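Take a look at the fold below.

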Amino acid sequence: MSPGIDALLEQARAGLHRLTPQQTVEAVRGGALLVDTRTETQRREQGDLPGAVVIDRTVLEWRLDPASAWRIPEATGYDREIILVCRQGYSSSLAAASLQTLGLRRATDMIGGVDAWLAAGLPTTDRPADIRSGAAPAAHVGTD
């Protein structure tokens, strides 16, 4: 029998140093990479975060692995601080744990997601989102 999603989430979070929205702002000011994994619909409803790079969850590992041929330019090394954000802070925890398994030891997420960001009175931006998802790597298409 499966331990269930709650146990998986608890295990994922045990290895993360999760940040509050305000700590996230400070970390980004210090050079951390903020990655928004929300859907287009969620971003349209809630707004985009200033300075965030948007990467679809389905290609996240390929875009952030410094050894990947499909990485983004900001994926400069396994010691890069990366903060993931989703709508409420659940899927971002699982994604951050996946990135840590990949070797990105400073990957983490923001407690409460964009809901907490907005509740803290932090701003969104009117600038176009910096979307970096693109198509899935061709060698992996159809292998899910």
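Which residue stands opposite V85 in β3? D36 does.

## Basis

This is a predicted model, where local features need pLDDT of at least 70, side-chain atom pairs count only at pLDDT 80 or more, and totals for chains, interfaces and linings use all residues. Residues are numbered from 1 along each chain as its sequence is written, and side-chain values use heavy atoms, without hydrogens and water.

## The sheet

The open sheet has 5 strands in the order β4-β3-β1-β2-β5, with parallel pairing. β4 (107-109) and β5 (130-131) each have a single partner strand, so one side of each lacks a neighbour in the sheet. Strands are DSSP runs of E, at least two residues; helices are runs of H or I, at least four. Two strands pair if DSSP finds at least two bridges between them.

## Around β3

β1 (residues 33-36) pairs with β3 over 4 bridges. Here V35 stands opposite L84. To β4, β3 is joined by 3 bridges, and L84 stands opposite D109.

I82 and L84 point one way from β3, I83 and V85 the other. All are buried, meaning under 20% relative accessible area with a 1.4 Å probe, protein chains only.

## R80

R80 sits in the loop between α4 (60-64) and β3 (82-85). R80 touches G31, A32, L33, E74 and R106, leaving out residues up to four places away in sequence. Contact means heavy atoms within 4.5 Å. A polar atom of the R80 side chain lies 3.0 Å from the backbone oxygen of G31.

How values were computed:
A polar contact is a pair of N or O atoms within 3.5 Å; within protein, one must be able to donate a hydrogen and the other to accept it, and residues adjacent in sequence count only if both atoms are side-chain atoms. Buried means under 20% relative accessible area, exposed over 50%, partly exposed in between (1.4 Å probe, protein chains only).
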